[in-house]
Amino acid sequence: MRADIVVIGGGPAGLASAVSAYKEGIKDVLIIERDMELGGILPQCIHDGFGNFIFGEMLTGPEYAQRYINELKKTEIKIKLNTMVLEIDSNKRIIAVNSKDGLLEIEAKAIILAMGCRERTRAQILIPGERPSGIYTAGTAQRYINIEGMMPGKKIVILGSGDVGLIMARRFTLEGAEVEGVYEIMPNPGGLTRNVVQCLEDYDIPLYLSHTITNIEGRRRVEGVTVAKVDSKMKPIKETERFIPCDTVILSVGLIPENELSKKAEVKMDPRTGGPIVDERMETSIPGIFACGNVVHVHDLVDDVSEAAEVSGKGAAEYIAGKLKERKIPINVKNGRNVRYIVPQIIRAEKFDKDIKFYLRVKEIEKNTRIVVSSNEKEIFEKKERIVRPPEMIKLNLSPEILNKITGNELTIEVKK
Amino acid sequence: MKRIHNFTCIVCPLSCQIELIEERNKILEVKGNRCKQGEKYAIDEFKNPVRILITTVYIEDGILPMLPVRSEKPIPKSFMKKCVKELSKIKAKAPVRCGDVIYENILDTGINVIASRDLIRRK
């Protein structure tokens, strides 16, 4: 089997990239999705807050997905559901499997990686104690309640204050469970402020910062957890330990880009994002393999995923049309002071004729800052930010006029006081 | 006496810290918001906090057992739990289209509850 573009993953990133490549004139596009339907994680994110930037209105997750699915239905884009990609290689050959076609071998001119991310689990944060049932990641609990219609428990303790955990604190409460509290090891919430307000404060659910779970008890089912305050080095303080009876522990302790396939194809990875290194068109280190969405870095908002995915779709279409003109030595985007990561990590375009959007996260909270872009130690752009926080992604839009001020092969972005 | 109320805006991720100054329930000033929606949010929060109602209802003959629904417009925050309870009693029937009214005039708020996705029939 052959296809011009194969998109791996039918979530928000895959949908937006496929539609955008199609609109650029590539009609032979195939989306491969392992689930029984399109939409990725959106169908289970039944809360509102999606689409404010892309559609200018507040939508729920399923509604947001529906908009793109409806858009897709107007095209000739092919879809293979219930199909798992097993392998891709640097020649853009894809091996996939499903119960109808058996083993599939697909040759693509370009591939867009849109596999998204997955949740960190108990194994990755090393909570000691027994291994009873009743311990779920927030996303798993969300799926049980919102898709399957089953309640995972009645008395809940949530570890970690990531967005999904905050959303689930409210969801559990509305469905009649008791949420004892949300425990966060860091001194600041992990999720967006608006979720702390509308999910916890609205329902008087306590948030304990600088706290963690030190033990899980229960033989068959969770019977309770021990929580403790942590010191400035995040070490639990023994004297502050207390036992909380509960039947369920929910973990909301971060997301990791899902890159097993990218690694098999030997795409170069960025250890800071956990995703592939990409250029301004979202092309990875392998020509013709593009990536977008949470597989590249974990976003706060689906709107940003769709936006970046459009860039990758256009990029893949341009690649096939052979329209790309690249500079001999790419520009390296360097992380300056208080910057944890920047995407894209490199710039390959020879000439700048359109804006490039940079996405970055800071390491630490800081007030009254300037985000400064410089090249060869000369400032070429700045943006004032009243406050920068690690959970809130910063976006910089650089116009061709600014980009043309780049000299040499280096660009630095930093946070200045 | 003038009183200051502080709100964190939830309209978008910017999370503006908004100050609403009022004297005997008369709003004198709203500041700290970076857009018009923020001003409206703060006034609503002061007068009558509202939220979009979001939950699921059982659905018969669908490819999935649950249908996500939402209120067409925001409803008073204090109604949230009662509405969710009311909706737990009903059963929708597949197929439904995104936007179909699933429950009319929930708890006499004058607001309809609508489906928030398409859900086709199970074969």
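Which residues in helix 1 of chain A meet helix 2 of chain A? The first legend below takes this up, and every view comes from a predicted model.

**View 1. Helix 1 and helix 2 of chain A pack side by side.** Here Pro12(A), Leu15(A), Ala16(A), Ala18(A) and Val19(A) of helix 1 of chain A meet Ala65(A), Tyr68(A), Glu71(A) and Leu72(A) of helix 2 of chain A. By class, this contact has eight nonpolar residues, one charged residue and no polar ones. The axes of helix 1 (residues 12-23) and helix 2 (residues 61-73) come within 10 Å and cross at roughly 35 degrees. The crossing of helix 1 of chain A past helix 2 of chain A is left-handed.

**View 2. Helix 4 and helix 5 of chain A make another helix pair.** Look for helix 4 at residues 138-148 and helix 5 at residues 163-174, with axes 9 Å apart and an angle of about 40 degrees. Helix 4 of chain A also passes helix 5 of chain A in a left-handed crossing. On the helix 4 side you will find Ala138(A), Gly139(A), Ala141(A), Gln142(A) and Ile145(A), and on the helix 5 side Val164(A), Gly165(A), Met168(A) and Arg171(A). Sorted by class, the contact has five nonpolar, three polar and one charged residues.

**View 3. The largest nonpolar core has 108 residues.** Within this core, Ile5(A) and Leu113(A) touch the most other members. Helix 8 of chain A (residues 302-321) gives the most to the core, namely nine residues. Zoom in on Ile5(A): beyond its neighbours within four places in sequence, Ile5(A) is in contact with Ala21(A), Ile26(A), Val29(A), Ala108(A), Lys109(A), Ala110(A), Ile112(A) and Ala316(A). There is also a second, separate core of 36 residues, and its members include Ala141(A), Val164(A), Ile205(A) and Ile213(A).

**View 4. Gly181(A) sits in strand 12 of chain A.** This strand covers residues 178-184. Is Gly181(A) buried or partly exposed? Gly181(A) counts as partly exposed because it has 19 C-beta neighbours inside 10 Å, and 20 or more would be needed for a buried residue. Setting aside neighbours within four places in sequence, Gly181(A) is in contact with Val157(A), Ile205(A), Pro206(A) and Tyr208(A). Gly274(A) is 93 residues from Gly181(A) in sequence, and the two are 30 Å apart in space, C-alpha to C-alpha.

**View 5. Chain A is assigned three domains.** Domain 1 takes in 1-119 + 254-324, domain 2 covers 121-253 and domain 3 covers 327-417. The centres of domain 1 and domain 2 of chain A, taken over C-alpha atoms, are separated by 31 Å. Where these two domains touch, seven residues come from domain 1 of chain A and twelve residues from domain 2 of chain A. The domain 1 side of that contact has two nonpolar, three polar and two charged residues.

**View 6. Chain B touches chain A.** Each chain contributes to the contact, with 24 residues from chain B and 24 residues from chain A. On the side of chain B, strand 5 (54-60), strand 6 (66-71) and helix 2 (80-87) are the elements that give two or more residues. Strand 5 of chain B gives the most, with four residues. By class, this side of chain B has 13 nonpolar, five polar and six charged residues. The domain assignment of chain B gives domain 1 (2-47) and domain 2 (54-115), and 30 Å separate their centres, taken over C-alpha atoms.

Conventions:
Residues are numbered from 1 along each chain as its sequence is written. Chains are lettered from A and ligands numbered from 1 in the order in which they are written. This is a predicted model: local features need pLDDT of at least 70, side-chain atom pairs count only at pLDDT 80 or more; totals for chains, interfaces and linings use all residues. Axes are lines fitted to C-alpha atoms, for helices over the stretch in contact, and angles run from 0 to 180 degrees between N-to-C directions. A crossing is left-handed if the near helix is turned anticlockwise from the far one by less than a right angle, and right-handed if clockwise. Ala, Val, Leu, Ile, Met, Phe, Trp, Tyr, Cys and Pro count as nonpolar, Asp, Glu, Lys and Arg as charged, and the others, Gly among them, as polar. Domain bounds come from an automatic or database domain assignment. A nonpolar core is a set of buried Ala, Val, Leu, Ile, Met, Phe, Trp, Tyr and Cys residues joined through C-beta atoms within 7 Å. A residue is buried if 20 or more other C-beta atoms lie within 10 Å of its own, exposed if 12 or fewer, and partly exposed in between; C-beta atoms are placed from the backbone.
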